[in-house]
Amino acid sequence: MTLHALTTSGLSAGYGDAVILDGLDLAVLPGRITVIVGANACGKSTLLRAMSRLIAPRRGQVLLDGKSIHHIPSRELARTLGLLPQSPIAPEGITVADLVSRGRHPHQGAFARWTRGDDEAVAAALAATRTIELAERPMDELSGGQRQRAWIAMALAQQTEVLLLDEPTTFLDISHQIEVLDLLTDLNQTRGTTIVMVLHDLNLAARYADELVAMAGGRLYACGRPEEVLTEHNVRHVFGLESRIIIDPTSGRPIMLPIGRHRMATDSRPARSGHPD
Amino acid sequence: MTLPAPALDALIGNRRRRLSRRRLVIALLLSIVAALFALTLVLGQSYTSPGDVIRVLLGEDVPGAGFTVGQLRLPRAVLSVLAGLSFGLGGAAFQIMLRNPLASPDIIGISSGASAAAVFAIVVLSLDGPAVSVFAVAAGLGVALLVYALSSRNGVAGTRLILVGIGVSAMLESFILYVLSGAPAWTLQEALRWLTGSVNGAQLDQMLPLLVALAGFGGLLLSRTRDLEALRLGEDTAAALGVRIARTRIVVIVAAVGMIAFATAMAGPIAFVAFLSGPIAARLPGSNGSLLVPAALTGAILVLAGDYCGQFLLPSRYPVGVVTGALGAPYLIFLIVRINRSGGSP
């Protein structure tokens, strides 16, 4: 399989008068998991939107295999590059199977027939996300974690080699967050899907990323292996937060422990009696 | 990630079942349209035997039935079907595209715009025939553009567009009243046509342009079925699936407005047919997939049944728009109450 290379060069973008991305250069590692982190409003979602052509760059460009994505026909691009937005909308009453089959859109012409290949792609996507048992259930009856798996199945049915996800774990409780991130790692390892996602949780980002990208002020601040990027110095600069980094004994990846103004072991104030924390 | 064969078979089986249920719903709607069409031809003030009706339709001269069926009932039934299809299809296209049942052309002023232009063209400019339709289409597109421009601020939000549309619609309706009140020779029936819609006084030779408009614009809309279905997942998802959002939007707006304006120039803005057809079609048991075709057929049923009720089942004769208006208004109130409760778009 040839792996597609997604890069940005000197990418600037924004909404109205606001410039949100300011000359950003990023080369996504093909076949790996890249996680983008940064403070609120640092431009992470905008970067993802620009990389998937939802917004046009002001300057610079987004390149797929060296070709500007704005010069690739939209259906063709949609067969290579998939995106799961932060809050996709499920039409009222739609079943999981129906939703997932919509991922076949770029593979079909305006009046083309549904083929066995389409059925197989949908079934494979349902199997990979363990949503086969849910196939005939309406989306509105599912739990948050199940619903997110169904959306990922839709993106899988699109059969793209590159998959971008904007905060795929928001609104999920911790066990479902892990479930979704494990699922994406499975896809990356078994299908070789290149994954680029924005995550809020730094520790989950460090655990699941092959490549961690930290953004600040619309620019790339640091980029590399998680242990290179998740450092006390970088956290201070990117988030304005004091922290301590330790190593997770299970994954061997760095964990960031924030340091606030209170609740320190060396805190001179006496602990409140009768209230063990 | 290997797939057990039974799971794939079950999936294919379920998809086929959904498809055949959908075909059944469409066939059922089609037969209701045909039945109501036949009823309109056979039974009015007087009864005409089906045999006589068929002979009239074949062009034979049948004493006592030729005028009633050929000149009165047939044009009325044909206009009801064509206008109903146009309103149902155009309305559902808008509702799907803007993902909001309130974003129907008759709520956001497009129908009143077309109606106002038609009245103006007929009363003030003394035009008739296709010229009126051209006016109506231009005004419909103009209003669509105006509402869109007035409601866009950092992108168009659904609720703002609807509120602006309701305001524009109210203004246009008072304009219609103003023009009509300056034309004393006009009857109440004619005034009602331009305010609520009516299929009274239809003539068969006026139906051809409407049929051509429906075929052209309707075909254009139906060719966008898949893109519209993808848009229901939100614009970002649709774009990620390869839909060209801006182009799809323009095609859908032009086609839906064109179709609705042509129908309005003939029958007036038949109240709430565009607004009701999609939601009714969506609630039919077994309804799945694109709503466009079921909504179009539902529109035809609403106009045929509404006109029949208005003529023969109520104590006095009312134009179809009065009947469909009485059906649609409670649903409109229900939706607005729901917006109020949720504080956002329904």
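## Aromatic pairs in chain B

Phe120(B) is partly exposed, because its relative accessibility is 28% (buried means under 20% relative accessible area, exposed over 50%, partly exposed in between, with a 1.4 Å probe and protein chains only). Phe175(B) is partly exposed too, at 32%.

A quick note on the ground rules: this is a predicted model, where local features need pLDDT of at least 70, side-chain atom pairs count only at pLDDT 80 or more, and totals for chains, interfaces and linings use all residues. Residues are numbered from 1 along each chain as its sequence is written, chains are lettered from A in the order in which they are written, and side-chain values use heavy atoms, leaving out hydrogens and water.

So what counts as a pair? Rings of Phe, Tyr and Trp (its six-membered ring) pair if their centres lie within 6.5 Å; planes under 30 degrees apart are stacked, over 60 edge-to-face, and the rest tilted. That rule gives 6 aromatic pairs over all chains. Here are two of them:

| Pair | Centres apart | Plane angle | Type |
|---|---|---|---|
| Phe120(B) and Phe175(B) | 6.2 Å | 40° | tilted |
| Phe275(B) and Tyr331(B) | 5.3 Å | 40° | tilted |

Each pair links distant parts of the chain. Phe120(B) sits in helix H4 (residues 110–124) and Phe175(B) in helix H6 (residues 158–181), 55 residues apart. Phe275(B) belongs to helix H12 (residues 273–283) and Tyr331(B) to helix H14 (residues 320–342), 56 residues apart. Helices are DSSP runs (H or I, at least four residues), numbered from the N terminus.

Are Phe275(B) and Tyr331(B) buried or exposed? Both are buried.

Conventions:
Helix = DSSP H or I, 4+ residues; strand = E, 2+ residues; numbered from the N terminus.
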